[in-house]
Amino acid sequence: MRYTLSGLYGITDPTLMPTLDQMLIQVERSLMGGATLIQYRDKSPDSEKRLSEASALNHLCQRYAVPLIINDDVALAETVAAAGVHLGQSDGNIKDARTRLGPNAIIGVTCHDSLALAEKAALDGADYVAFGAFFPSKTKPHAKAAPLELIHSAKEKLTLPIVAIGGISVDNANKIIAAGADMVAVIHALYAQNDIEATAQHFHQQFNN
Ligand SMILES: Cc1ncc(COP(=O)(O)OP(=O)(O)O)c(N)n1
Ligand SMILES: Cc1nc(C(=O)O)sc1CCOP(=O)(O)O
Ligand SMILES: [Mg+2]
């Protein structure tokens, strides 16, 4: 199946979602509010926990016909038959991931503040490129900063969907979207909110304005 990569991209966080039940409830609220892509992101060394969480999350996302992306871990994406994987610059190469996951898998790649990395990712077969951090991030306070103008230049040079990440909230997403980002990837300003569904709706509406 082919998906449109546009809108709100919610990323799970084990601190904000300390149990599987909490994770499923919080992610479901974001799906009800209009999230169009979900990423399972957990650095735990407990592979059984990661397998059961990713598998349960994949079933939930399938009920909403929303793709689930697994962060870092191609093998886990393959095992749970997730829609794809997100790879950082040290998380393995795109061609190997493509071989394992197949032609329809969604492969996203972190490009930090670099158009050159994005052009290479495009040539290697990525399905989206992610730039950031555009604002100070509560989740990743030491993330390298990226300027807003990068989105404009990326839009001119690339045909791939552009994901923006890092400190994005309902209050600053308009700047990112106006610059040309296809998706905003959000952790804290979505999943730390009291009303996750309303917050997701708020992000979602900004793409339709
Ligand atoms: C959508 C999206 N963009 C960037 C990242 C960061 O990936 P990476 O640089 O590999 O860092 P970790 O998330 O693995 O700590 C991401 N996960 N998702
Ligand atoms: C996982 C991640 N990667 C980033 C990058 O810049 O590559 S920033 C980030 C954290 C995003 O969380 P929040 O929405 O809470 O800032
Ligand atoms: Mg990574």
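Two strands pair if DSSP finds at least two bridges between them, where strands are DSSP runs of E with at least two residues and helices are runs of H or I with at least four, both numbered from the N terminus. The structure is a predicted model, in which local features need pLDDT of at least 70 and side-chain atom pairs count only at pLDDT 80 or more, while totals for chains, interfaces and linings use all residues. Residues are numbered from 1 along each chain as its sequence is written, and chains are lettered from A and ligands numbered from 1 in the order in which they are written.

Strand 1 (residues 7–11) pairs with strand 8 (residues 183–186) in the parallel sense over 4 bridges, and within this pairing L8 has V184 as its bridge partner. Strand 1 also pairs in the parallel sense with strand 2 (residues 37–40), over 3 bridges, with Y9 standing opposite L37. Because 5 of its 5 residues are buried, strand 1 is largely enclosed by the rest of the structure; buried here requires 20 or more other C-beta atoms, placed from the backbone, within 10 Å of a residue's own.

Helix 5 (residues 115–124) packs with helix 6 (residues 149–157) at an angle of about 30°, their axes lying 11 Å apart. L115, A118 and E119 of helix 5 meet S153, A154 and K157 of helix 6, contact being counted when C-beta atoms, placed from the backbone, lie within 7 Å.

Around ligand 2 there are 16 residues, of which G132, S137, T139, I187 and H188 come nearest; a residue belongs here if its C-beta atom, placed from the backbone, lies within 6 Å of the molecule.

Methods. Axes are lines fitted to C-alpha atoms, for helices over the stretch in contact, and angles run from 0 to 180 degrees between N-to-C directions. Two residues are in contact if their C-beta atoms, placed from the backbone, lie within 7 Å. A residue is buried if 20 or more other C-beta atoms lie within 10 Å of its own, exposed if 12 or fewer, and partly exposed in between; C-beta atoms are placed from the backbone.
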